[in-house]
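These are my notebook entries on one protein structure. I set down what I looked up and how each term is defined.

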Amino acid sequence: DVFSVADTVSKADGGTFDNPVTITTADNSVNLNLVSTDADANSGPLLEMKRDSSSPADNDLLGSITFKGENSASEEITYAKIQSKLKDATDGTEDGNISYEIMIDGTSRELLTVTKDSVVVNQDSQDVDFRVESNGNANMLFVDAGNDKIGINTNAPNRMLGIENGDVQIH
């Protein structure tokens, strides 16, 4: 049966759901708004995702946000995912990580991972370039993944490290 949350829970009481909740709309309007009307300087609104396990273990997945759509064959595809992992559950030395995956040529690939030791771009060794823009330069730093080259002020380095149009000092 379809019911309104307002039918069972007043706004002042809040609510707890013991089963999955689906929110559907037939247009492109917002499906879920989190609104805080508090006027202080603290964070708000807050979205908390908590894995409440009685036996947490290293490498447990903590949560994920998936972005799905249908392909041209009407198959449901996960096109992107953000995922968090509990890397070390030991009290006092807890570690976590977060990874960002996208679909590339029909296969999910990890493109960005943040851990306690590193920030890794292109973990799965794909031909995906990395580019950093400055205020006036679209290619201030450019990593050409397919050709294993780095460009500064260029997106077409002709050596392993190419620096274009500028005074360079190496000490």
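**Entry 1: Asparagine 97.** I began with asparagine 97, which counts as buried because its relative accessibility is 14%. I note the cut-offs here: buried means under 20% relative accessible area, exposed means over 50%, and partly exposed lies in between, with a 1.4 Å probe and protein chains only. Asparagine 97 sits in strand β3, which covers residues 95-104. I then listed its contacts (heavy atoms within 4.5 Å). Leaving out residues up to four places away in sequence, asparagine 97 touches Gln83, Ser84, Lys85, Lys87, Thr113, Val114 and Thr115.

**Entry 2: Basis of the values.** I record that this is a predicted model, in which local features need pLDDT of at least 70 and side-chain atom pairs count only at pLDDT 80 or more, while totals for chains, interfaces and linings use all residues. Residues are numbered from 1 along each chain as its sequence is written, and side-chain values use heavy atoms, with hydrogens and water left out.

**Entry 3: The overall plan.** I found one helix and nine strands in the protein. Helices (H or I, at least four residues) and strands (E, at least two) are DSSP runs numbered from the N terminus. Read from the N terminus, the order of the elements is α-β-β-β-β-β-β-β-β-β. Of the 171 residues in the protein, 13% are buried. The accessible surface comes to about 13800 Å², and 47% of it belongs to carbon and sulfur atoms. Accessible areas come from the Shrake-Rupley method with a 1.4 Å probe; for residues, only the protein chains shown count as cover. Among contacts between residues at least 6 apart in sequence, 10% join residues at least 24 apart.

**Entry 4: Strand β3 and its partners.** Which strands pair with β3? I counted two strands as paired if DSSP finds at least two bridges between them. Strand β2 (residues 76-88) is antiparallel to β3, with eight bridges. In this pairing, alanine 80 stands opposite isoleucine 102 of β3. The two strands form a hairpin with six residues between them, and glycine 92 in the turn has a positive phi of about 90°. Strand β4 (residues 107-114) also runs antiparallel to β3, joined by seven bridges. Glutamate 110 in β4 is the bridge partner of glutamate 101. The hairpin of β3 and β4 has two residues between the strands, and aspartate 105 in the turn has a positive phi of about 50°.

**Entry 5: Methionine 103.** I looked up methionine 103, which is also in strand β3. Methionine 103 is partly exposed because its relative accessible area is 26%. Apart from neighbours within four places in sequence, methionine 103 is in contact with Ile77, Thr78, Tyr79 and Ser108. Isoleucine 77 is 26 residues away from methionine 103 in sequence, and their C-alpha atoms are 8.8 Å apart.

**Entry 6: Salt bridges.** How many salt bridges does a search of the whole structure find? It finds three, where a salt bridge is a side-chain nitrogen of Lys or Arg within 4 Å of a carboxyl oxygen of Asp or Glu.

- Lysine 116 and aspartate 95 meet at 3.5 Å, N to O. This pair links distant parts of the chain, 21 residues apart: lysine 116 is in the loop between β4 and β5, and aspartate 95 is in strand β3. Lysine 116 is exposed at 59% relative accessible area, whereas aspartate 95 is partly exposed at 22%.
- Lysine 68 and glutamate 76 meet at 3.3 Å, N to O. Glutamate 76 counts as exposed, at 58% relative accessibility.
- Glutamate 133 and arginine 131 have their closest N and O atoms 2.6 Å apart. Arginine 131 counts as partly exposed, at 43%.

**Entry 7: Aspartate 60.** Aspartate 60 lies in strand β1, residues 60-70. Aspartate 60 is buried yet has no salt bridge, and the nearest side chain of opposite charge, arginine 51, is 4.6 Å away. For charge, Lys and Arg count as positive and Asp and Glu as negative, while His and the chain ends are not counted. With residues up to four places away in sequence left out, aspartate 60 touches Arg51, Ser55, Lys85 and Leu86.

**Entry 8: A nonpolar patch.** Last, I looked up a nonpolar surface patch of about 800 Å², whose members include Val114, Phe130, Met140, Ile150 and Leu161. The elements giving two or more residues to the patch are β5 (119-121), β6 (130-132), β7 (141-144) and β9 (161-163). Leucine 161 is found in β9. Patches are made of residues with over 30% relative accessible area and no salt bridge; like charges are joined within 9 Å, and nonpolar side chains (Val, Leu, Ile, Met, Phe, Trp, Tyr) within 5 Å.
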